[in-house]
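These are my notebook entries on one protein model. I set down what I looked up, one topic at a time.

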Amino acid sequence: MRIALIGYGRMGQAVERVATARGHTVIGVIRRATPPSERESLAHAADALIDFSHASAVAESVDLALRTLRPLVIGTTGWDSQREAIAQRVRETGGSVLYAPNFSVAVQVYLHHAVTLAAQLLRLEGWDVAIEEVHHRGKADAPSGTARALAERLQHATQPPREAVYPAPTEHRLTENQFTVGVLRLGSEFGTHRLLLDGPYDWIEITHRAKSRDGFAYGAVRAAEWLRGRKGFYQFQEVLNEILSYLEEQ
Ligand SMILES: NC(=O)c1ccc[n+]([C@@H]2O[C@H](COP(=O)([O-])OP(=O)(O)OC[C@H]3O[C@@H](n4cnc5c(N)ncnc54)[C@H](OP(=O)(O)O)[C@@H]3O)[C@@H](O)[C@H]2O)c1
């Protein structure tokens with residue numbers, strides 16, 4: 001595939017590395033300063049666009065993909081408030097977009113099992129939960145998209161629903177059905193997510209820690225391969241089902 005990248009920071013460079021290793025060609029990069037005509041011709045020449053830029057650029061990337069009829073994979077986070085409107089526009093105009101706040105296959109498996117375990121224990125008396133995330137100090141949004149996804153899934157999995165609170169209240173206590181999401185920004189940390197469970201007799205921590213950015217890049221490239229020929233607004237789950245399907249075949 002010929003891939004055009006939108007954003008060429010830490011993640012854009014990881015995508016280039018992984019895409020090249022999988023036999024694809026990165027034909028060019030759209031940067032903040034790239035003029036509209038150049039963006040357009042690069043998109044036309046590409047089979048797929050992959051965006052790891054900034055939340056403020058996402059709507060523009062979607063416009064470019066819809067105008068040039070190119071599939072777009074979005075890894076950029078921090079634009080949740082626009083997500084539903086963008087998804088609707090993509091569906092209405094027959095576009096092809098896939099978004100995931102975290103493209104790591106291991107993180108997705110982690111989220112699934114962590115939420116299942118937490119939901120089971122939180123049904124018992126005296127259990128409490130919290131989330132903590134740690135990322136490099138250059139990260140633009142907080143909490144991370146993955147921490148938000150974990151919190152959201154947890155809210156839906158608990159009965160009665162528990163509400164995520166961030167930042168933690170400074171002048172009053174949490175209510176019984178609230179839990180906190182803690183954020184740390186430190187050095188060059190690629191990304192750590194921790195689910196903490198506190199019970200009457202036990203303490204459980206379930207942690208995922210990324211060893212590099214290549215795991216995210218791998219998922220994004222697999223998503224671009226999967227998206228070819230499909231129309232709609234997708235999440236990573238369907239790509240993940242395909243990646244993990246070997247488990248069922250064994
Ligand atoms: N979904 C996932 O699995 C995953 C994993 C890791 C990170 N992320 C997210 O991916 C995004 C990028 O992360 P990163 O670590 O690569 O950040 P980064 O190193 O800061 O790189 C961001 C790049 O985007 C460029 N950019 C900003 N606005 C742009 C625009 N309007 N058009 C084109 N390019 C633009 C920046 O260019 P300039 O140099 O000109 O500013 C920079 O090169 C963040 O939102 C992060 O949270 C997602």
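**Entry 1: the ligand.** I began with the ligand and found one of its oxygen atoms 2.7 Å from an N or O atom in the side chain of Thr 77. I keep in mind that the model is a predicted one. I then looked for backbone atoms beside the ligand. For Ala 100, I noted a backbone N or O atom 3.0 Å from a nitrogen atom of the ligand. For Pro 101, I noted a polar backbone atom 3.1 Å from a nitrogen atom of the ligand. Which residues come nearest to the ligand? I listed Arg 10, Met 11, Arg 32, Thr 77 and Phe 103, out of 23 residues around the ligand.

**Entry 2: the domains.** I next looked up how the chain is divided. Domain 1 takes in residues 2-103 and 213-249, while domain 2 takes in residues 105-209. I recorded 27 Å between the centres of the two domains, taken over C-alpha atoms.

**Entry 3: the interface.** How many residues of each domain are in contact with the other? I recorded 16 residues of domain 1 and 15 residues of domain 2. I found 0 salt bridges between domain 1 and domain 2. I did find 4 residue pairs in polar contact across the interface.

I then asked which elements form the side of domain 1 that touches domain 2. Those that give two or more residues are α4 (80-92), α7 (214-227) and α8 (237-244). Of these, α8 gives the most, with 3 residues. By residue type, I noted 8 nonpolar, 4 polar and 4 charged residues on this side of domain 1.

**Entry 4: salt bridges.** For the model, I recorded a count of 14 salt bridges. One that I examined joins Arg 194 and Glu 132, whose closest N and O atoms are 2.6 Å apart. Arg 194 belongs to strand β9 (residues 192-198) and Glu 132 to strand β6 (residues 128-135), so this pair ties together parts that are 62 residues apart in sequence.

**Entry 5: the backbone.** Pro 143 sits in the loop between β6 and α6 (145-157). I noted another from Gln 159 to Pro 160, with omega near 0 degrees. Pro 160 is in the loop between α6 and β7 (163-165).

Lastly, I looked at Leu 69, a residue other than glycine with a positive phi, near 55 degrees. I located Leu 69 in the loop between α3 (58-68) and β4 (72-74).

Definitions and conventions: Residues are numbered from 1 along each chain as its sequence is written. This is a predicted model: local features need pLDDT of at least 70, side-chain atom pairs count only at pLDDT 80 or more; totals for chains, interfaces and linings use all residues. Side-chain values use heavy atoms; hydrogens and water are left out. Domain bounds come from an automatic or database domain assignment. Contact means heavy atoms within 4.5 Å. A salt bridge is a side-chain nitrogen of Lys or Arg within 4 Å of a carboxyl oxygen of Asp or Glu. A polar contact is a pair of N or O atoms within 3.5 Å; within protein, one must be able to donate a hydrogen and the other to accept it, and residues adjacent in sequence count only if both atoms are side-chain atoms. Helices (H or I, at least four residues) and strands (E, at least two) are DSSP runs, numbered from the N terminus. Ala, Val, Leu, Ile, Met, Phe, Trp, Tyr, Cys and Pro count as nonpolar, Asp, Glu, Lys and Arg as charged, and the others, Gly among them, as polar. A residue is near a molecule or strand if one of its heavy atoms lies within 4 Å of it.
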